[in-house]
Amino acid sequence: LSYSERFNELLAEFQMAYDLDLTRDYQPPEDLYVRVNVLQDIGQFIGPESGQPLELKRGDHTLLRRGDIEHLIRQGLLEHSR
C-alpha cells in the first residue's frame, strides 16, 4: 500500500472508533469565538482548547471559543446565535 492509502485507512479506522469526522471542515473557522444560546443545562467543565473552567446553564447567551464548545453544538446542547 502507498503512504496515502495507508493514511486514509488509518484515518477511517480512527474516525469510526471515536465517532468523529476529521475531514468535515476543509476550511479553518472564520472566527475564533462564536456566540451561542445554551439549550440545555451543561454545568461546569474545562474548555478543551482554552483550559478554562466554564459553566453553561439553559437560557445563557454567551460568546465562547469555538474549540471549547464545538462538540456541544454538534450534540445539540448549544446553537449558534446570530
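Phenylalanine 14 and tyrosine 18 sit four residues apart in helix 1 (residues 3-18), about one turn of the helix. Keep in mind that this is a predicted model. Why does that spacing matter for direction? An α-helix has 3.6 residues a turn, so residues three or four places apart point the same way.

The count of aromatic pairs here comes to one. Phenylalanine 14 and tyrosine 18 form that pair, which is tilted, with 4.8 Å centre to centre and 45 degrees between the planes. Here is how open each partner is:

| Residue | Relative accessible area | Class |
|---|---|---|
| Phenylalanine 14 | 38% | partly exposed |
| Tyrosine 18 | 55% | exposed |

Now for helix 2 (residues 66-74). Its buried residues are Arg66, Asp68, Ile69, Glu70, Leu72 and Ile73. What covers the buried residues of helix 2? The cover includes strand 1 (33-38), strand 2 (43-46), strand 3 (53-56), strand 4 (61-65) and strand 5 (78-80). After helix 2 comes glycine 76, with a positive phi near 85 degrees.

Stepping back, the chain has two helices and five strands, running α-β-β-β-β-α-β from the N terminus. Its radius of gyration is 16 Å, well over the 12 Å that the globule rule gives for 82 residues, so the chain is more spread out than a compact globule. The C-alpha trace spans about 50 × 25 × 20 Å along its principal axes. Of the 82 residues, 24% are buried.

As for charge, the chain carries 9 positive and 15 negative side chains, and the centres of the two sets lie 6 Å apart.

Technical notes. Residues numbered from 1 in each chain as written. Predicted model: local features only at pLDDT ≥ 70, side-chain atom pairs only at ≥ 80, totals over all residues. Heavy atoms only, no water. Phe/Tyr/Trp six-rings, centres within 6.5 Å; stacked < 30°, edge-to-face > 60°. Buried < 20%, exposed > 50% of the residue type's maximum accessible area, 1.4 Å probe, protein only. Contact = heavy atoms within 4.5 Å. Rg over C-alpha atoms; globule rule 2.2 N^0.38 Å. Lys, Arg positive; Asp, Glu negative; His and termini not counted. Charge placed at Lys NZ, Arg CZ, Asp CG, Glu CD.
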